[in-house]
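Please review the model shown below together with the briefing that accompanies it.

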Amino acid sequence: MKKSGSEPGSPFFYERHLGLASFLWKLDENRWETSSEMADLLGLTPDIPRDRSGWLSLIEPSHRELVSSRLEELLAKGLPGNFTVELEYPVRRPCDGSLRWVHCQGQVSGQPSRRLFNGLLIDITEQHHQTEALRRMTRLYNALAQVNQKMVRLKDRDELLLDVCQIMVEVGQFSMVWIAWGGPGLPQLETIASYGDTKDFLKRNHARSDESSAKLGVVSPAIRTGTAQVINDVSHDPRALPWRDELLASGFASVGAFPLWCGHDVAGALVVKSAELDAFASEEIALLTQTAADVSFALDHLTLNQARDAAYEALRLSEEKYALAFRQSPMAILITRITDGQYLEVNESFERILGWTPQETLGRSSLPHDLNIWVYPDDRNRMIHTLKEKGFTAEFEADFRHKDGHTVRCLMSARRIKINGEDCLLSLVRDFTEFRAQEAALKRITRLYQALAEINYSVSQIREPQVLWQKLCQILVEQGGFKLAWIGWDHPDHQLTVGAQFGDTLRYLDGIIVRSDTSPEGQGPTGRALRSGRPEVVNDLLYSSGFSVWRSRAEQSGFHSSATFPIWQEGKTVGGLMVYSTEKNFFGSDEVRLLEEAVRNIVFALDRTELERQNRAAEEQQRLLKEQLQQSQKLEALGSLAGGVAHDLNNVLGAILGAASALQTISIERPQEKHTVDTITQACLRGRSVIKSLLYFARKELQEERLVDLNSVLSELAELLRHTTLQKIRLDLQLAENTPFLMGDGGALSQAFMNLCVNAIDAMPDGGQLSISTRFWGKTLQVKISDTGMGMPAEVLAKATDPFFTTKPQGKGTGLGLSQVFGTMRAHGGSLRLESTVGKGTTVFLDFPAERLSVQRPNDHLPVLDNRIRSLSILIADDDELIREAMLELLSQLGHQATCVAGGQEAVDRFTQGEIFDLLILDMNMPQMSGGTALTLIRQNHPHQKILVTTGYDAEATVNLVAEGIKTLHKPFTAEELKEALAALGPW
């Protein structure tokens, strides 16, 4: 049966109270038990066998062999001996089929006949997914940066697409990537590029885009709908059914398809396959969709280049073909005179690009005195110079003025020709404005991808928050192309302070004030972003009304656009990332998305760092709790042994002390005999003191509590040391004034302080300084005892309070000194802390809690009890014959009539039979019927019976008796102590 974990004997008791998911595997019996927390974590059902096969059945098949082989190593490893096991693997919960990642950590211990694997399971599903997602995103950003570089350089379609597939596999670490080419409705799609198909998957499986596969797989739906399609679990997604076996055999767990466009039509799809489950989260889908769009743009650009080449070819055709191509060419074709720039011929595309019809253009000049088409006349002069030198110019970029006045960026190719003996230009012109804007955007995105990859790498390496923020600013300036980046932290007064910055060479931040409220200094993008919690963009700082407060400073620094991205922590905005660019209209949707991603990654990294710190602190706290538990268990075991020994020894000493006390009451004439009796009495009292100190191992209630002045106890101790053990040792005594009194056992505390001082003196054989001090701080009274001796190494310090542990030579120490001090402090509700450095000495801190402190002075003038008592009839109930005989003799000498019985039942019978006694002396620890049971039965019928309870050990059992008005007396006791106890029970 599985233990509930609520009993102290259960192996899950302490783990349950520490909030852990734990298990205990008895390896030799092939049986394991779990805590309820672990059963909930694994989703265990009753049909799961609690043996090795049942354990392995919970593990996802992809990791089952690894865990099984690790178990084989455990079973083969030699014992006795202890060793630690750590594993991470996924489990499939039987109760609902969900997948969880767990961290298994435990220890194998025991003997060959009984080997135990005691361990913990921690649910790391979210952490695992976040870490894997961050790794995938980092790889993907690096891949996309390289893809964009290829798109800028390569001019051949097939070479470009093959490189895209190769980069996505080698850098992005996908298993296979291929390009499916063909539009919707085609019965068969063409594979025009692929990489990573090591098992010839594409040869055995042919993709279609017609109605036959419209709702299956990802390729056809992506081409038909023009949207990204993904399957994140091939094994369970019904859309993968026709190809499931082939996909799994090739090692593919996730697939995705992202449409490629040609103009406004879908022309194919970028198909990505991964060996990882759930490889396509929303971030990956967004990036791959953008990649497909960038590839589509590159293909369109290649198509335009092919059209340009076709136009050149048309020039070599016949006059008839030339005329047709001239009129219908998508590029503007024009013939002008070199001397005066007069237009001799233009086609219809000239109007589309620059707004002038052929009728408005022919016979007029492009120069400033006429149409004034050249925005910068020097551009025409440079082109004419090149034509005179080479006879042609290719892809000459220049700005032209549209008919309505706006500027159009064009790409122009021209060649010198002769028409009727005049030097003329045959020019091809195409609108390059949009392409240059897209090219600039592509370069910006490429830089940002590279910056984001560098940021993600920094996130994985840097754990210090301030260093990470500074690194973020540096990367955005050096890699992202920004002029300035800074982090501002918001404060309760709503004014931002600079937490990190990079690029502020002109000290822009020194001359501005930024706030998060609605004041004028809070109306810019930063204030709005911090109030709304959303990014704010200004793409033209010089004409933004909300930026007027900082406009002059921004213009001096060369800034034209800026953006602010809020930083969130614990559900609220605490600051913002601000970036500035020298370009207008820098921030499009892609730039904003990438910068948001950078901030999220940084915040995630800082949250992860804080979580790791908390986990380390929790692990350290758990280790300390385990050490304290082990120490407590050791002292509990020793205390139980001490309690049993104390009971028997106190009975023996009680009999001896009782007999000696009886002899003391007799007038002894010979001094030698009187001296002998006194010696016996003192020996018994000393033995009682030793046993009393031993009892503190059990951490029971204190036996003699009173208000104690620790300063007085330490002063007396210092005076004693000065006259006894101190020779080469200097004593420094610093006692704080007006310290409160402590409710405790003065004798036990004095002995504890003496043990510590003796240990300190022994640690300074060649002399040194012993320092004793007190202080009252907060609500704690502290005693500190330190020496300048040899000190202790860490391994000795860790065991210093263990019972019987000592580094002294044989015969020089028992190893109980510090253990007794530890027990005494626990009995007083306090704590003991040791600090030691080898060669520099040791310091002991003893802290007493507030609930045991009192500023009220103890009453030193107690009333004197009258020990003169009439002769009493007394019933003695004690199972020890020696005690009974000694008590009879002692009470007889004191003038009382005593009767003895050997147990609790006999005492109850005497009262039941109607016998009357002035006093019952009752021992608490007796076989069959204990003193406590007998006392309850007697008081039911004789509620006013006077009772004196004696005990040799059971201090806890007598605590409640004091509250009930029953006098207690601890064995052994003297005749005088007995007389005082009888007097306290009066009047008689």
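Predicted model: local features only at pLDDT ≥ 70, side-chain atom pairs only at ≥ 80, totals over all residues.

Residues are numbered from 1 along each chain as its sequence is written, and side-chain values use heavy atoms, with hydrogens and water left out.

**Overall composition**

- The protein has 29 helices and 33 strands; helices (H or I, at least four residues) and strands (E, at least two) are DSSP runs, numbered from the N terminus.
- Of the 988 residues in the protein, 48% are buried, where buried means under 20% relative accessible area, exposed over 50% and partly exposed in between (1.4 Å probe, protein chains only).
- Among contacts (heavy atoms within 4.5 Å) between residues at least 6 apart in sequence, 59% join residues at least 24 apart.

**The five-stranded open sheet**

- An open sheet is formed by five strands in the order β7-β6-β10-β9-β8, with antiparallel pairing; two strands pair if DSSP finds at least two bridges between them.
- At the edges lie β7 (190-195) and β8 (229-231), each of which pairs on one side only.
- From one strand to the next, the twist averages 15°; axes are lines fitted to C-alpha atoms, for helices over the stretch in contact, and angles run from 0 to 180 degrees between N-to-C directions.
- Nine bridges connect strand β9 (residues 254-262) with strand β10 (residues 265-274) in the antiparallel sense, and Ser 254 has Ser 274 in β10 as its bridge partner.
- Helix α6 (residues 157-170) packs on the sheet and touches β6 (176-181) and β7, its direction making about 45° with that of β7.

- Strand β22 (residues 729-734) runs parallel to strand β24 (residues 768-777), and six bridges join the two; Asp 732 has Ser 771 in β24 as its bridge partner.
- β24 also pairs with strand β25 (residues 780-787), in the antiparallel sense and over eight bridges.
- Within this pairing, the bridge partner of Leu 770 is Asp 787 in β25, and Ser 773 stands opposite Lys 784 in β25.
- The hairpin formed by β24 and β25 has two residues between the strands, and Gly 778 in the turn has a positive phi of about 65°.
- β25 is joined by six bridges to strand β27 (residues 841-848), and the two run antiparallel; the bridge partner of Gln 782 is Asp 847 in β27.
- Six of the eight residues of β25 are buried, so β25 is largely enclosed by the rest of the structure.

**The α26 and α27 helix pair**

- Helix α26 (residues 904-912) packs against helix α27 (residues 931-941) at an angle of about 10°, with their axes 9 Å apart.
- α26 and α27 are therefore roughly parallel to each other; angles under 35 degrees count as roughly parallel, over 145 as roughly antiparallel, 65 to 115 as roughly perpendicular and the rest as oblique.
- Gly 904, Ala 907, Val 908 and Phe 911 of α26 make the contact with Ala 934, Leu 937 and Ile 938 of α27.
- By class, this contact of α26 with α27 has six nonpolar, one polar and no charged residues; Ala, Val, Leu, Ile, Met, Phe, Trp, Tyr, Cys and Pro count as nonpolar, Asp, Glu, Lys and Arg as charged, and the others, Gly among them, as polar.
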